[in-house]
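Dear colleague,

I am passing on the structure we spoke about, and below it I have set out what was found. Please read the notes with the structure open beside them.

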Amino acid sequence: MSSRIEILNAGGYRSDGRRQYELRTISIDLSPRGSGADGSATLSHGLTQVSVCVFGPREAKMRSQTFHDRANINVEIGIAAFSSSERRKRGRGDKRVLELSHTLKATFEPVIQTSLYPRSQIDIYIQVLQQDGGLLQACVNATTLALINAGIPLYDFVCAVTGGVHSTSPLLDLTLLEENDLPNVTVAVMPRTGKVALVTMETRLHVDRFEEIFRLAGEAGKVIHGEMKRAVKERTQDLVNAMQSVGKAAGTEVVDEY
Amino acid sequence: MVEITIRKRPQTEAVITQRKFFKKTARGKVVKVLRERYLRDDVGCGIESCRECTSSDGELLPAAGDLTHQLFPNGHFILPDTNVFLSQMDLLESDLFRSPIILLQTVLEEVRHRSLPLYNRLKALTKSEDKRIWTFYNEYRSETAIIREEGETPNDRNDRGIRNATAWYNTHISLTHPPIRGQTQAALPTVVLMTEDAANRQKAEQAGISCTPVRKYVEGMKNATQLLDLLSASGSDNIEPTQAASGRQMLYPEYLPSATLIAGVKAGQLHQGHFNPNPYNYLEGSVSVSAFSKAILLVGRENMNRAVQGDVIVVEVFDEKEWKAPADEVIDAETTLKNDDAEDSGEEGDENGEEVMAEESRILRSEAQAAASERQPTGRVVGVIKRNWRAYVCHIDTTSLTSTLTTSLSTQTVFATPVSRLLPRIRLRTRQAPSLLNQKILVTIDRWDTTSRYPEGHFVRTLGQVESKEAEQESLLLEFEVPYRPFGKAILDCLPLEGDQWVVPPKGVGDLSNVWRDREDLRDLIVCSIDPPGCQDIDDALHARLLPNGNIEAGVHIADVSHFVLPDNPMDSEAAARGTTVYLVDNRIDMLPSLLGTNLCSLRPFVERLSFSSIWELTPDADIVNVRFTKSVIKSKAAFTYEEAQIRKDDPHLQDELTQSIRLLNSLAIKLKAKRMAAGALNLASPEVKIHLDSAESSEPIDVEQKELRETNSLVEEFMLLANVSVARKIEESFPQTAVLRRHLPPPKTNFEKLQDILRKTKGLTLDVSSSGALAASLDKCIDATEPAFNTLVRIMATRCMLSAEYFCSGSVARDTFGHYGLASDIYTHFTSPIRRYADVLVHRQLSAAIGFTSLHPSLHSKSHVEKILDVVNRRHRMAQMASRASVEFYVGLALKGRGEASRSRGDGEVREEAFVIRTFRNGVGVFVSKLGIEGLVTFKRDIQFDADNYTITVPGSASAAGSGGDVKISVFDKVVVQIEVEKDKNTQRGKVRMTLIEPVESRAL
């Protein structure tokens, strides 16, 4: 009966109660994860959830993969079998997954200041925990956060949002239901400079509609940026607070010892 | 720039903002689906001057509600539940029903799930100007959103949601209309829950919600009397809530195993035949079998058991006491099934399905009473021997679409309505449904399961925009299975190498390929051809001259196609497969490549052409002295049209040889015809019309007129008949086992029963059908002095009672059934048009062997081979006839449309024509417009009196709009005036001729 759901009803509501330009709820968790990851982030857009761990910059396992003038970025994606409603195991060689990781690599290569770390490697491991549309968008945003969390110098945030069009009305941040039905485009922007880091589209979209959606998705990226920045600041604040309290405690001890 | 925001959905509220359910996929896998929902406080209530809700879009409901209802003097809004919309849509659509309605999202979605067509009606309703309907998205408003509780059925959950929303509305109204100090509190309007479900009402009352059943509510309205009529009957029943899909229900009985079928047919317990649906009534079909004189009637969906037109089926006949008479009511699938749903019709034991069943059984019951005399054997389909499914030309039914957006990529299940009324709707799944609207498309049926009310099919390709000529023409060819691909290379390779440079080689030494062997040189004969104007494939020419002994020599020269088309080469097999040339109004689909058809074989004037001649010596009284057949070479002296030949013959100043020979031929033809008539040949009539085309390129039809028949038409016809009969005798004599002949079986007397009865009762005339001669004589007596067209009408109707003529192989039927009923000849074949008929090519080969010109190709010695070819040719012949008829119909439609538009722009109103009533139904009459050669149906919505025994209907005087007072009686053969319009069917985009009665009564109001 899924086809019986209206994407955008006469009252201007989407199937999940949002209006056209409303994004899904975002939750960001930057607490450390994995064994010894240098930075990690778990991010969810509505019911799409991904977790990213960043290792590095570190020495490459294989020398052949290194560059003498910059760091190599390695993106690996695992999609949990339980992430979509129908259980499906995707192996490492799955073409879809390879394509996704390649897209991410190409997006982040110019954003990460790789020339600071010649002959080293930055590993980005992405785990997709739950899928409900906007997978690429979630991956981009979570990777940005994990890289920041790892302290890897970036030129800017990269914030991605998916936009689609229903008849002539643009919609932002599509769920899986909407994604299956509508032509859609994912746009990643760098909010400080306004540069576009990624535009990708797998469906046909009328050229007249493209510009509007492209612009809207860019704008929405800036809105997401605010949310991401707040999360980073909060996390940093937490860390600073924690460090200060540790410092204080340690300080008293020192005073006591000596 | 628009404002982009992030909606927050705290994890703590996940209980009501997240929904988890399990779904079974098409493959039977169970998957878990998780959906989220964002609840909000800005969903507007839609009531004017509400302090809290500022909604800009849409028309608001009046602040005080509706004040006219007796029960609610303080004003009210009604809030109907789902079942009210499902069963009382007619009431709500009425112009008189003007209460402000609050439509809940829960209700809207439930309607959508249950029936898309009803949903589309509902949506149209919410958009209409004169309705006050506000859609309240209760599922998105935080106060009214609810979740399904443990153990609660979806239906109960929805009912609870509706009650909740009603309660919220009432508190919302009281909160937003607080008493203003110093003023007395104005009475507040109430929101009334309208539901038929007694249990729901009880619960609502407990919660202090005012509620009402539909009937009670309507009774209290101002226009109660008119509106009460619109209440549907099921409204008074207690509608059961939807059950969750309780497994698939069998809608049709299973077929018997094929071994049982074959054994049953052999034993005579079961009967085999072609399924033949009734075009007027989709719930009825028939099968003609040899065991009964009347066709076996199949009534109702279960008894037709998934048979599709053309299928070879096996039927079981019921006991005689269960026999029924065919229905006398027009039942249109489109109107009865318009609310049927593509997605789940028949898939589940859904309520909608039950409604359809109930409706259908009601229709069938009303048919049940009929006089015993009219009863026909009745039975049911127990198996299918062979499906004759093919690709059908269809339109997509607009109302079955979930989404009409062209951007939508989702798969939808939709209905495709075939152009032919004989076929059921086909359900298909497609991703491109919206872009297929307004297109003619090709759909094939894949299967028809016992659990599915409709067959399932798939989309093949689009033919083009509806009503575009290309699409219509191609669809026509496809619909009648006319092979219309261009000829392939292998076929064209069989043509003479010289191409259009080919000429008859000079006689004597220059004749390298021995063309002149055994050919008679008839180049000096005064031969001419007479054909319709614009004819390019001239396959016959004639001559006549006086012999010294006073007798007359007459010759018919037929294009020698068998010289070019040799047996068993690719061109021959293609021609055999095509069977016949198909003539459409603006096109011709050739049987042979046009080099042959319109050039090398065509007996064009002034060039030498090969021919096959049949030459008689006739006495001046047109008795045959002798006949001989020979291959020859002729040189036609002129190609006349019928009109030119007629003028030439009638012009007394012309005394040349050519004219003389035409006169001679004519005098013989008249005598031949007289003899034929004396022998009992029938002069039948069929409604033939001619389409005037504007020009060759645009082919816009200008007008339609009836074909005119001249003396010269009859001249050519007589000689062709003479040639055919003579040739038939010759080949039957030479090849008694495999001669290709044509016969026309005498129609069973029962076929005429109805026509005889009608004639007797309405006009006091009798029809003697004991033999073709008797019939011809009694047809001549069917004259109405006041109405010259009456005789033609009777002839047309008599023609319809007859069987169609067919080709057969002389060895496969008994000698005494060779006769041709219509021509009153004991033997007949087709010899005279080998360019456009394949049977004639075979006859040419046989005749050429019979006169020792060539030896007979081995394939023509084999009875089974000849039978097989003739089967195909017979079918193609039939299809070609239907295709050209349909083509004419299409153009008549176009012409009518053009004429209608023209007369409208002149301010003359619609096209009106005189017509004759040819059939009466319980709810309408069938009329025939002879001027246009079309048949139409006039249906009455209001009750009329129908007298089946006397074939009359009576329109009560009070019902007629004219108000003339007296009852108006219309019987078969009455002359009436109809208004003819061409309108597009809303759902199928099919152009439909619509007729309404103007005289003697105006039927529009009925």
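This is a predicted model: local features need pLDDT of at least 70, side-chain atom pairs count only at pLDDT 80 or more; totals for chains, interfaces and linings use all residues.

I begin with the contact between the two chains, to which chain B gives 41 residues and chain A gives 45 residues. The size of an interface is often given as the accessible area lost when the parts come together. Between chain B and chain A the buried area is about 3900 Å², with 53% of that coming from carbon and sulfur atoms. Across this interface there are 6 salt bridges, and the count of residue pairs in polar contact between chain B and chain A is 19. On the side of chain B that touches chain A, the elements that give two or more residues are β1, β2 (18–24), β3 (30–36), α4 (105–114) and α5 (116–127) of chain B, and the largest share, 6 residues, comes from β3(B). By type, the residues on that side of chain B divide into 15 nonpolar, 9 polar and 17 charged.

Two salt bridges between the chains can be described individually. In one, the side chains of E22(A) and R7(B) meet at 3.2 Å, N to O, and this pair crosses from strand β1 (residues 22–23) of chain A to the loop between β1 (5–6) and α1 (14–17) of chain B. E22(A) counts as buried, because its relative accessibility is 8% and the cut-off for buried is under 20%. The strands β1(A) and β1(B) also pair in the parallel sense over 2 bridges, and there E22(A) stands opposite T5(B) in β1(B). In the other, K8(B) forms a salt bridge with E227(A), with the closest N and O atoms 2.8 Å apart.

Within chain B, R427(B) and E456(B) form a salt bridge whose closest N and O atoms are 3.2 Å apart. R427(B) lies in strand β16 (residues 426–430) and E456(B) in strand β18 (residues 456–465), so this pair ties together parts that are 29 residues apart in sequence; both residues are buried.

The side chains of D572(B) and R845(B) meet in a salt bridge at 2.8 Å, N to O. Here D572(B) belongs to helix α18 (residues 570–578) and R845(B) to helix α26 (residues 838–850), so the parts tied together are 273 residues apart in sequence, and both D572(B) and R845(B) are buried.

With best regards

Note on methods: Residues are numbered from 1 along each chain as its sequence is written. Chains are lettered from A and ligands numbered from 1 in the order in which they are written. Side-chain values use heavy atoms; hydrogens and water are left out. A salt bridge is a side-chain nitrogen of Lys or Arg within 4 Å of a carboxyl oxygen of Asp or Glu. Helices (H or I, at least four residues) and strands (E, at least two) are DSSP runs, numbered from the N terminus. Buried means under 20% relative accessible area, exposed over 50%, partly exposed in between (1.4 Å probe, protein chains only). Contact means heavy atoms within 4.5 Å. Buried area is the accessible area (1.4 Å probe) that two parts lose on being put together, summed over both. A polar contact is a pair of N or O atoms within 3.5 Å; within protein, one must be able to donate a hydrogen and the other to accept it, and residues adjacent in sequence count only if both atoms are side-chain atoms. Ala, Val, Leu, Ile, Met, Phe, Trp, Tyr, Cys and Pro count as nonpolar, Asp, Glu, Lys and Arg as charged, and the others, Gly among them, as polar. Two strands pair if DSSP finds at least two bridges between them.
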